[in-house]
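Please have the sequence and the model at hand while reading.

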Amino acid sequence: TIVLVWMLGATFFLLRMLGGLVYVQRLRYTNNQEVAPYWNRKLNALKSKIRLRKKVKLVESAIASVPMVIGYIKPVILLPIGAINNLQENEVEAILAHELAHIRRNDYLINIFLSVIEVLFYFNPAVWWISANIRTERENCCDDTAVQLCGSSLTYAKALVSLQEIGHSGPSMAMTFAGPKNQLLHRVKRVLNQPQ
């Protein structure tokens, strides 16, 4: 009976994970358009600073409401349509630096590994707690890299808040760059070196 219950739960979480992967692939290939060559040059300059040799594609997505990285071998950075026009140039650079940090740290691959662990040990609350902490620390590391590359914690904090506002003006999606409001507040305070 215990094995049967475990298999039913694991199957449910596996289907949920596979559904998420299908959705991510849909985001990667549907309703995307190339950015202006200027932004590709900016992206390449940031890649040089971060010492990233992978070829990275930058596109604007009509479906994604927040910036995200999709893929490990051929990573793609998706920016919501209009984000480039609604943010200042240095804020866009800070967001790109954050996403490049995810690529450099292989976070897409690590996220898939974490999801598999969650499927296998879905019954253990400690696994979900550890996984949530890993995701938070991963975002913190990428935030630190973005601040280091853009040179201004205030610029990056403004970019986070602006993205949250842009995300709320459009349809809400399952994956978020800034996360819930409390998480955004903690990230901004942390970036600005204020006590939590």
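A residue is called buried under 20% relative accessible area, exposed over 50% and partly exposed in between (1.4 Å probe, protein chains only). By that rule Asp 143 is buried, with a relative accessible area of 0%. The model is predicted, so local features need pLDDT of at least 70 and side-chain atom pairs count only at pLDDT 80 or more, while totals for chains, interfaces and linings use all residues. Residues are numbered from 1 along each chain as its sequence is written, and side-chain values use heavy atoms, with hydrogens and water left out.

A salt bridge here is a side-chain nitrogen of Lys or Arg within 4 Å of a carboxyl oxygen of Asp or Glu, and the count comes to 8 salt bridges. The table lists three of them, with the N to O distance.

| Pair | Distance |
|---|---|
| Arg 105 and Asp 107 | 3.4 Å |
| Glu 139 and Arg 187 | 3.5 Å |
| Asp 143 and Arg 187 | 2.7 Å |

Arg 187 is buried at 3% relative accessibility, and Glu 139 is buried at 15%. In the remaining pair of the table, Asp 107 is buried at 4% relative accessibility, whereas Arg 105 is partly exposed at 35%.

Arg 138, found in helix α6, is buried yet has no salt bridge, and the nearest side chain of opposite charge, Asp 107, is 4.1 Å away.

Key. Helices (H or I, at least four residues) and strands (E, at least two) are DSSP runs, numbered from the N terminus. Lys and Arg count as positive and Asp and Glu as negative; His and the chain ends are not counted.
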